[in-house]
Amino acid sequence: MVSSLPSLPSVLGTDPSSCILDAFRTAIAKRVSDALPPLTLEQAYTGVDYGKKGVDFTVALPRFRLPCKPDDLARKVTTDFQPDDFVTSITHDKQFLHFQLNTASLIREVLNQIHTLTYNSPTGKPSYGTNTSGAGKKLVIEYSSPNIAKSFHVGHLRSTIIGAFLDNLYKACGWEVVSLNYLGDWGTQFGMITTGFEKYGSQEELEKDAIKHLYDVYVKVSKDADSDPNVKVEAAKWFKRMEDGDESALANWRVWREMSVKKYTEEYERLNVSFKVYTGESEVGKEWQDRALERLEEMGLISDVDGAKLVDLEKWKLGKAVLRKANGTSIYLTRDLGGAIERWEKYHFDKMIYVVASQQDLHLSQFFKMLSLMEFPWADHLEHVNYGLVLGMSTRKGTAVFLDQIIREASSVMHEQMKRNEVKYNNIEDPEMVAREVGITGIKIQDMAAKRINNYTFNWDRMLSFEGDTGPYLQYAHVRLTSMERKNPELIPLPPPSQIDTSSLASSQHARDIAILLGSYPDVVKTALKTHEPSGVVTFAFRLAHAISSAWETLIVKGEEDTEKARARLWLYLCARDVLGAAMRLLSIRPLERM
């Protein structure tokens with residue numbers, strides 16, 4: 001259904017057809033710029049901000065740097081004010097003007113837009129909240145990147161969760177995204193495992209769970225190395241043979257890598273994460289690494305210290321970086337440099353993001369600095385999205401952590417909780433799947449709830465609680481909204497939007513609160529693209545869930561005798577379900593319909 005609002009001049013960077021609040025902001029900016037020449041519409045628009053404490057939008061007059069006093073400016077805007085379809089009141093408060101939107105227009109327009117872009121979107125896929133700001137641009141994003149033969153631990157989990165969110169976010173903003181899982185599949189540890197496999201390896205255990213078995217071998221052989229220095233010498237020889245392309249040294253490694261990738265793919269599927277490309281340190285061609293070294297040599301940036309090659313970055317307070325060991329084998333900085341050059345050649349990206357822990361800040365800074373010293377024109381297209389540590393993450397028994405142990409444990413705790421309500425439990429088709437999804441949602445929301453740079457302490461009880469701002473609470477909110485159709489069959493299917501009378505909602509503060517939150521969702525997505533913070537989307541989802549929860553008692557559907565009112569309320573709740581579901585999917589969470 002097309003908007004019934006009066007037409008307005010367009011402002012660069014706005015799109016009322018995907019974010020209806022842009023129209024309301026433009027109407028406010030027009031009032032301000034009309035009253036305060038020489039202020040342009042564009043300048044006025046940049047001054048329209050979300051209000052605080054019950055105010056829809058606020059304009060801070062001093063920011064325009066006009067010659068008059070704020071009181072005089074305010075008077076010019078408020079004199080002869082007449083309410084219209086966009087704004088019903090303007091309040092002058094010191095240096096600020098507060099604008100209240102027309103409630104009836106706000107609710108009708110927001111619900112219409114959500115319905116249209118969810119069910120009749122030009123792309124054929126639900127698109128409310130998306131935008132086309134990145135159309136024609138390409139992002140390469142590297143995230144997760146676990147080491148083969150070491151456990152998929154919680155540091156990788158954070159990179160996976162944040163990376164999957166950014167992957168979805170850039171797609172929602174129109175970018176073409178190439179997601180890479182850059183596996184730690186090369187390096188001296190494979191010399192160690194090859195040495196240890198002869199002694200501790202078992203084909204049967206390997207086929208059962210390649211990642212776990214190779215990890216066990218690595219732990220045992222590392223213990224041997226502590227007491228016998230020859231183990232490491234032997235391991236270094238094996239790795240040298242691998243680097244030199246010796247087929248007999250590579251045969252086992254190839255099998256182990258393939259089995260590990262297969263196992264990882266299953267784990268990612270459970271987490272609702274998928275990659276376009278599985279690559280790895282082993283795939284960075286030697287020619288690209290050599291090219292990087294040659295370029296640095298030509299520029300006089302490399303020095304030899306006891307046979308090893310170092311780059312001196314002291315001048316930029318980035319220390320010295322080793323590029324090649326004395327025995328000639330590469331280290332991962334060299335492979336990173338080679339890998340970046342190779343990716344540019346292959347993808348010609350507009351931006352490349354590395355989602356890597358803040359412990360690696362120095363490494364990434366050195367790596368980016370070297371590419372810029374090498375004068376690659378694309379060196380400034382690289383970005384490091386970092387994050388803090390997860391503290392105290394172990395299973396309840398306190399053992400070291402593999403991801404699948406954590407998912408299993410979260411699922412079983414949820415399963416136990418679900419069994420307590422026998423009636424509901426018997427209505428669920430696949431309780432184990434539901435328990436797993438709710439458990440995974442708990443893990444993800446706990447991870448994304450605060451700014452990513454913060455360390456956080458992993459807390460089982462908090463994570464799996466249905467009380468407060470937790471993953472299970474969000475799933476419950478979505479399930480409750482989804483059940484509205486099942487509980488009110490006499491109202492389904494709803495008539496088309498043009499035949500639903502929403503005027504009764506205008507008198508409800510609850511409906512108004514929900515509508516303005518729903519209308520702000522496209523802005524939440526745009527802000528997240530600027531900050532790379534999932535926490536803004538999580539906060540939005542909780543605010544929406546709380547606003548809906550506050551409305552249940554007064555905005556009833558079942559038991560409302562006036563059919564027009566009941567329909568309008570049900571439509572509001574279904575639009576809220578669609579937007580809450582979209583926010584959850586953006587966070588890589590699968591919204592449930594029953595639990």
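1. Aromatic pairs. Two rings of Phe, Tyr or Trp (for Trp, its six-membered ring) are taken as a pair if their centres lie within 6.5 Å, and a pair counts as stacked with planes under 30 degrees apart, as edge-to-face with planes over 60 degrees apart, and as tilted for the rest. On that rule, ring pairs link Tyr143, Tyr264, Tyr268, Phe275 and Tyr278 into a cluster. The model is a predicted one, in which local features need pLDDT of at least 70 and side-chain atom pairs count only at pLDDT 80 or more, while totals for chains, interfaces and linings use all residues. Residues are numbered from 1 along each chain as its sequence is written, and side-chain values use heavy atoms, with hydrogens and water left out.

2. The structure holds 22 aromatic pairs; one of them is formed by Trp186 and Phe239, edge-to-face, with 5.5 Å from centre to centre and 70° between the planes. Because Trp186 lies in the loop between β6 (176-183) and α6 (188-200) whereas Phe239 belongs to helix α9 (residues 230-243), this pair ties together parts that are 53 residues apart in sequence. Helices here are DSSP runs (H or I, at least four residues), as are strands (E, at least two), and both are numbered from the N terminus. Trp186 counts as buried because its relative accessibility is 10%, and Phe239 likewise counts as buried at 3%; the cut-offs are under 20% relative accessible area for buried, over 50% for exposed, and partly exposed in between, using a 1.4 Å probe and protein chains only.

3. A stacked pair. The ring centres of Trp344 and Trp378 are 5.8 Å apart and the planes stand at 15°, so this pair is stacked. Trp344 is in helix α12 (residues 332-347) and Trp378 is in the loop between α13 (361-373) and β12 (382-385), so that the pair links distant parts of the chain, 34 residues apart. Both Trp344 and Trp378 are buried.

4. Charges over rings. A charge is said to sit over a ring if NZ of Lys or CZ of Arg is within 6 Å of the ring centre and within 35 degrees of the ring normal. The charged end of Arg241 sits over the ring of Trp238, at 4.4 Å from its centre, and the charged end of Arg343 sits over the ring of Tyr182, at 5.1 Å from its centre.

5. His478. This residue is found in helix α18 (residues 471-487), and His478 counts as buried because its relative accessibility is 5%. A polar atom of the His478 side chain lies 2.7 Å from the backbone oxygen of Leu592. Leaving aside residues up to four places away in sequence, His478 touches Arg577, Leu580, Gly581, Met584, Pro591 and Leu592, where contact means heavy atoms within 4.5 Å.

6. The largest pocket. On a 1 Å grid over the protein atoms alone, a pocket is an open set of points with protein on both sides within 12 Å along at least five of seven lines, a cavity is a set of points where a 1.4 Å probe fits but cannot get out, and lining residues have an atom within 4 Å of a point. Grid points are joined across faces, edges and corners, and a volume is the space filled by probe spheres set on the points. The largest pocket holds about 1300 Å³ of space, and of the 46 residues that line it, the closest to its centre are Lys125, Pro126, Ser127, Thr130 and Ala172. At least two lining residues come from each of α4 (103-119), α5 (154-172), α18, α19 (509-531) and α21 (563-586), and α21 gives the most, with seven residues.

7. The largest cavity. About 30 Å³ of space lies in the largest cavity, whose lining consists of Glu142, Tyr182, Arg335, Asp336, Gly339, Ala340, Arg343 and Tyr354. Helix α12 gives the most to this lining, with five residues.

8. Backbone points to check. Most residues other than glycine have a negative phi, and most peptide bonds are trans. A cis peptide bond joins Pro37 and Pro38, with omega about 10°, and Pro38 lies in the loop between α1 (21-35) and α2 (41-46). The peptide bond from Ile492 to Pro493 is also cis, with omega near -5°, and Pro493 lies in the loop between α18 and α19. Asn272, although not a glycine, has a positive phi of about 65°, and Asn272 counts as partly exposed at 32% relative accessibility.

Terms used: A polar contact is a pair of N or O atoms within 3.5 Å; within protein, one must be able to donate a hydrogen and the other to accept it, and residues adjacent in sequence count only if both atoms are side-chain atoms.
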